[in-house]
Amino acid sequence: MRRRPVVAGNWKMYGSRAANASLVAGVLSGLAPRALRNVEVVVCPPFVYAAELSPQLQSANVGLGAQDVCAEAVQGAFTGEVAATMLREVGCSHVIIGHSERRALYAETDELVGRKTLSALAVGLTPIICVGELWEERDSGRTYEVLGHQLSAVLQTLDSDPAGLAGLDRCILAYEPVWAIGTGRTATPGQAQDVHAFIRGLISSRDAKIAQSVRVLYGGSVKPSNARELFEMSDVDGGLIGGASLKAEDFVAIVAAAELGSERTSCC
Ligand code: PGA
């Protein structure tokens, strides 16, 4: 099975109306129509800019993602939170869930990540669920244990939903080693492939078909210079891009690398 790669830009808390306008203009003019057919491209600005960027992105066939969503499925007294229904209403198609910065700086737990996933799925948003280990965890040989734990929590929450594990087929997973995020230190293609194969194996033990179809992105210091070798790995289906997504030229080059990577022959 050939999986369509995804390249998602996580703008984090960067941007302004002026900066966003020139970034989006640069990205849209740089993306070749062929690349857009072969690669799912998503841009995730801060919440407040989503609505105004939506028409332009939509008409260019680029997805719009949020960087977080409230776990509560029903609107209510949750000051500062944004509901999944609201994200849908302003044109979001995707949402990043459980980014390591949310986990580390805002104490998001595996359980909360699971609940957010359900609230996104309930309104038809595609969750981009992030998992990843700290350097100390990798260094002490605990990478698979940590990832297994993070992933199992999501699977368990999905199990508790009437739709069951089928919801996972509508999710995208992102392996983001915390030590590689914003550090300039990227996982080697081999390290990424090993973890991606582990993730697919873990899902396969529950549902072999979903394991083959679910896209698993790599994130952590992806740049034009290393994107292609990462995306050529058979279980790496594109990337979640932070810093390099703020430079139109770099982001476009990474999308082009995903398109080339998708031509790999070793795919499942
Ligand atoms: P980076 O960030 O590409 O700047 O390392 C990736 C991410 O945080 O999603």
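Select R102 first: at 24% relative accessibility, this residue counts as partly exposed. The model on screen is a predicted one.

**Stop 1: R102 and D68**

R102 lies in helix α5 (residues 100–105) and D68 in the loop between β3 (63–66) and α4 (84–89), so the pair ties together parts that are 34 residues apart in sequence. D68, at 9% relative accessibility, counts as buried. Side chains of opposite charge can pair when their charged atoms come close.

**Stop 2: R3 and D237**

Select R3 and D237 next. Their side chains meet in a salt bridge, at 3.0 Å from N to O. Which parts of the chain does this pair tie together? R3 lies in the segment before β1 (6–10), while D237 sits in the loop between α11 and β8 (238–241), so the parts joined are 234 residues apart in sequence. R3 counts as buried, at 3% relative accessibility. D237 is buried too, with a relative accessible area of 0%.

Salt bridges that share partners join R3, R200, D235 and D237 into one network.

**Stop 3: helices α1 and α3**

Colour residues 17–30, which form helix α1, and residues 47–59, which form helix α3. Two packed helices are described by the angle between their axes and the distance between the axes. Here the axes come within 12 Å and cross at roughly 25 degrees. Angles under 35 degrees count as roughly parallel, and α1 and α3 are therefore roughly parallel to each other. The crossing of α1 past α3 is right-handed. To see the contact, show R17, N20, V24 and L28 on α1, then Y49, E52, L53, Q56 and L57 on α3.

Two of these residues deserve a separate selection. E52 forms a salt bridge with R17, the closest N and O atoms being 2.9 Å apart. Because E52 lies in helix α3 and R17 in helix α1, the pair ties together parts that are 35 residues apart in sequence. E52 counts as partly exposed at 35% relative accessibility, whereas R17 is exposed, with a relative accessible area of 59%.

**Stop 4: N61**

Move to N61, in the loop between α3 and β3. Most residues other than glycine have a negative phi, and most peptide bonds are trans. N61 has a positive phi of about 65 degrees although it is not a glycine. Is N61 buried or exposed? At 57% relative accessibility, N61 counts as exposed.

**Stop 5: E137**

Select E137, in helix α7 (residues 135–139). E137 is buried yet has no salt bridge. Which side chain of opposite charge is nearest to E137? That side chain is R142, and it is 4.5 Å away. A salt bridge requires a side-chain nitrogen of Lys or Arg within 4 Å of a carboxyl oxygen of Asp or Glu. Leaving aside neighbours within four places in sequence, E137 is in contact with R142, T143 and V146.

**Stop 6: L158**

Go on to L158, in helix α8 (residues 143–159). L158 counts as buried, at 1% relative accessibility. Not counting residues up to four places away in sequence, L158 touches T117, L118, L121, G164, L165, G167 and L168. For a distance check, pick the C-alpha atoms of L158 and E176: they are 21 Å apart in space, and the two residues are 18 apart in sequence.

**Stop 7**

Select S221, found in the loop between β7 (215–219) and α11. Phi of S221 is near 55 degrees, a positive value in a residue other than glycine. S221 is buried, with a relative accessible area of 15%.

For the contact, show P224, A227, R228 and F231 of α11 together with D250, A253, I254, A257, A258, L260 and G261 of α12.

Methods: Residues are numbered from 1 along each chain as its sequence is written. This is a predicted model: local features need pLDDT of at least 70, side-chain atom pairs count only at pLDDT 80 or more; totals for chains, interfaces and linings use all residues. Side-chain values use heavy atoms; hydrogens and water are left out. Helices (H or I, at least four residues) and strands (E, at least two) are DSSP runs, numbered from the N terminus. Buried means under 20% relative accessible area, exposed over 50%, partly exposed in between (1.4 Å probe, protein chains only). Lys and Arg count as positive and Asp and Glu as negative; His and the chain ends are not counted. Contact means heavy atoms within 4.5 Å. Axes are lines fitted to C-alpha atoms, for helices over the stretch in contact, and angles run from 0 to 180 degrees between N-to-C directions. Angles under 35 degrees count as roughly parallel, over 145 as roughly antiparallel, 65 to 115 as roughly perpendicular and the rest as oblique. A crossing is left-handed if the near helix is turned anticlockwise from the far one by less than a right angle, and right-handed if clockwise.
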